[in-house]
Number of protein chains: 2
Amino acid sequence: MEFKISKDLIKELEQLIQQKDDQQLEVLLNDMHHADIAEILDELDFDEATYIFKVLDSEKTAEILLELEDDLRENILSRLSPKEIAEELDELDTDDAADIIAELSQSKKEEVISELEDVEHAKDIVDLLRYDEDTAGGLMGKELVKVNENWNVLTCIKEMRTQAENVSRVHSIYVVDDENRLKGRLSLKDLLTTSSKTQISDIYIKKVTSVKVDTEDVEVARIMQKYDLEAIPVTDEMGRLVGRITIDDIVDVIKDEADKDYQMAAGISQDVEADDSILELTKARLPWLVLALLGGFISVKMLGLFEGAMQKHGELFFFTPLIAAMAGNVGVQSSAIIVQGLANNTLSGSLFNRLIKEISLSLLNGIILATILFLGSYFLLNADLRIGLTVTISLISVIIIASLIGTFIPLLLDKFGIDPALATGPFITTSNDICGILIYFSIAKLILGF
Amino acid sequence: MEFKISKDLIKELEQLIQQKDDQQLEVLLNDMHHADIAEILDELDFDEATYIFKVLDSEKTAEILLELEDDLRENILSRLSPKEIAEELDELDTDDAADIIAELSQSKKEEVISELEDVEHAKDIVDLLRYDEDTAGGLMGKELVKVNENWNVLTCIKEMRTQAENVSRVHSIYVVDDENRLKGRLSLKDLLTTSSKTQISDIYIKKVTSVKVDTEDVEVARIMQKYDLEAIPVTDEMGRLVGRITIDDIVDVIKDEADKDYQMAAGISQDVEADDSILELTKARLPWLVLALLGGFISVKMLGLFEGAMQKHGELFFFTPLIAAMAGNVGVQSSAIIVQGLANNTLSGSLFNRLIKEISLSLLNGIILATILFLGSYFLLNADLRIGLTVTISLISVIIIASLIGTFIPLLLDKFGIDPALATGPFITTSNDICGILIYFSIAKLILGF
């Protein structure tokens, strides 16, 4: 049932390209889904991919263009004339066309737009270009089916047939007034089950959830998820219906958002992929590493303060990486849970309750781990009993402090409107390393008195 | 436009509950969306929430039940009789009803099923219960619109009206043969724009992507995302149409999958939320911490091997947390990029190319960081020049090794069919801590010769 790329297929295609056997290529690819062809092109080199791209007709290639990986799309677009690009865009929905135009240089952008054949389509695309890509305006498309509240079911169905010609998928039927202001929506079911003379104003659903053009994309995603919507209408400042957003675009937003939190937690500050350039990857990774390094300087300085202990209790220094690592791990766990809770809107209860809970939780974890550490240090590592006691007490303290830091720093950042995900990963591990070492040696000093 | 819970609203509701003013409660809540009411109930205590739940009618409460947080739903269900639960389920789509039944105890399950009024509905629900929840069968619902290939457009529209009565949203119209085998789908557009005598077999689209009942949920998600589908039909072993999966259920799968990778990277091994019980949170967090602790034992042992260096070069030990932290951070970054690449299917190119790239990348990062470290150790930390040189060379080596471990362990796990996300978080940081310390002291021994 499902399509799978095989090495044989790739080889066959490469041969056909070398032989310039366009006809056979078409036969082979014409029946395939555009998403499958895109997957194949991503496996070929740029020249081969472009060759195939030019063999296929624009109805197919337009859809393929959307599915390609960024660098291949960029490469192919750079080899197409403005007229050729315009032909692709004429086949696409306005939102997809606008996304592709937005990737072009300013001068090429204008040339491509002037080459678009369908003037209405061109107007819609240009209109979409002015919205920020992270807003509802940047996500929406212009293709929708709308009916006037003053029509009856018969006119409505007739009008819908015309409109549906330009709309690849009918998600919802929106109802507007004479001024194009969004009034509600029409259920397809009601339309199918009502007599043809019924007035639309009698059967339409007055409640419809919509967003404004400047609503942020993550907010749109939240609303569509909460209300289980497959499409949402977008209105302008005056409540006029200007577009619709479909769930497939929102799936990308949801996925990107979850991926972003994960990347932040791993100390990667921009949206990068394994196949990006070394420079881009360095730009995303280096800042956090520098931060961690500077934190490391502090830990070196701090350990230097306890140099006096080295003579009598050198063993203490063997345990620093262990204590620091535990502090880091606990902090990352706590912060991840809070960041996800904030992202998914599932945090409830007061700050005080959270404090009590976090302390109980880390006390429970801490006591179990400290017991293992105490037994381990005595039997496995043959440490001095007083040293064992020191590291054990330190571990419990460090775990409690680290989990509090991990819990409350993201909450604090969120309160001040800063992305709490910033406080996961290197930032949390570094500050917990430092705190952990300080607590450890302070307790050691108290117990061992050096 | 958008609903926001206010403290005033909560207070007002609590007062009305105390006064047992059911009428006013209904007035206040009846116009609200069920997702909003669920959000309100989550803010109240269990008794208050149950009170409101019983005031509202089952058409509304059934939908609310789906949106509640797990513990509140469990609590409310435990206070409802089998007959009351059955009334709720009669209002729900089969897949949602099956999900709720699956949460009940075995004995209650049977009682509830026997109380269901609509026999067809009950049969469908029971049928769904036998599928594993992580498969297409566990995700699918029975509500769909299907037509026979031998009908004409008129019969089809008439039949669809009847079927649509039981289907809250018409996603796709599926075409089957006399044996109920899935043959294709019908575009609503074609149906709207074709004359009523046309035979369905003449206009239906023969290509339709479907999944089998036992296809894994993440695979269903991948297919629906790849082909931009809003609903996908599910067939049994004999190709018969048995259900459909809609994109809103898949959004949850996609989000859960991304969240899971993030949680794994943070050392949380089960799907937990901040509001789960301390015991559940401990179960998810403790195993990774124990692993990290055992890794810590190894680092203690290893540092003990280099005790001889303490006399002459005690400073070396001040740098261990810094080296270990850098190794951990680099490893987490590398592994996160690979795990996301594997999850999103965006990794291409050979292993050898990836090796070259990862080495170049870490060499670039390493040299920049090592320069900062060298200057910092000399000017800020006043370290001995030979110590400075030692830590600098160690840092570059450690960064290269850590990034290789971070890159290739997930790839290796994936090759053996193990979830690569296991290799992020505590596992990677711990093994990189150990390697980092070993490399550091080995280089120190070479340079300083203790």
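Chain A of this predicted model can be laid on chain B by a turn of 180° and a shift of 0.0 Å along the axis, with an RMSD of 0.2 Å; the superposition is by least squares on the C-alpha atoms of residues with pLDDT of at least 70 in both copies. The two copies are thus related as by a two-fold rotation axis. Local features need pLDDT of at least 70 and side-chain atom pairs count only at pLDDT 80 or more, whereas totals for chains, interfaces and linings use all residues. Residues are numbered from 1 along each chain as its sequence is written, chains are lettered from A in the order in which they are written, and side-chain values use heavy atoms, with hydrogens and water left out.

The place where the chains meet comes next. Contact, meaning heavy atoms within 4.5 Å, joins 117 residues of chain A to 118 residues of chain B. Of the interface residues of chain A, 100% are also interface residues in chain B, so the copies meet through the same surface.

The size of an interface is often given as the accessible area lost when the parts come together. Here the two chains bury about 11000 Å² between them, 62% of it on carbon and sulfur atoms; this buried area is the accessible area (1.4 Å probe) lost on being put together, summed over both parts. In chain A, the residues that lose the most area to chain B are A:Tyr262, A:Arg285 and A:Phe318, together 8% of what that side buries.

Side chains of opposite charge can pair when their charged atoms come close. A salt bridge is counted when a side-chain nitrogen of Lys or Arg lies within 4 Å of a carboxyl oxygen of Asp or Glu. The rule finds 38 salt bridges over all chains, and 6 across the interface of chain A and chain B. A:Glu358 forms one with B:Arg285, with the closest N and O atoms 3.6 Å apart. In another, the closest N and O atoms of A:Asp36 and B:Lys226 are 2.6 Å apart. This pair runs from helix α3 (residues 34-43) of chain A to helix α15 (residues 217-226) of chain B, helices being DSSP runs (H or I, at least four residues) numbered from the N terminus.

How values were computed
Helix = DSSP H or I, 4+ residues; strand = E, 2+ residues; numbered from the N terminus.
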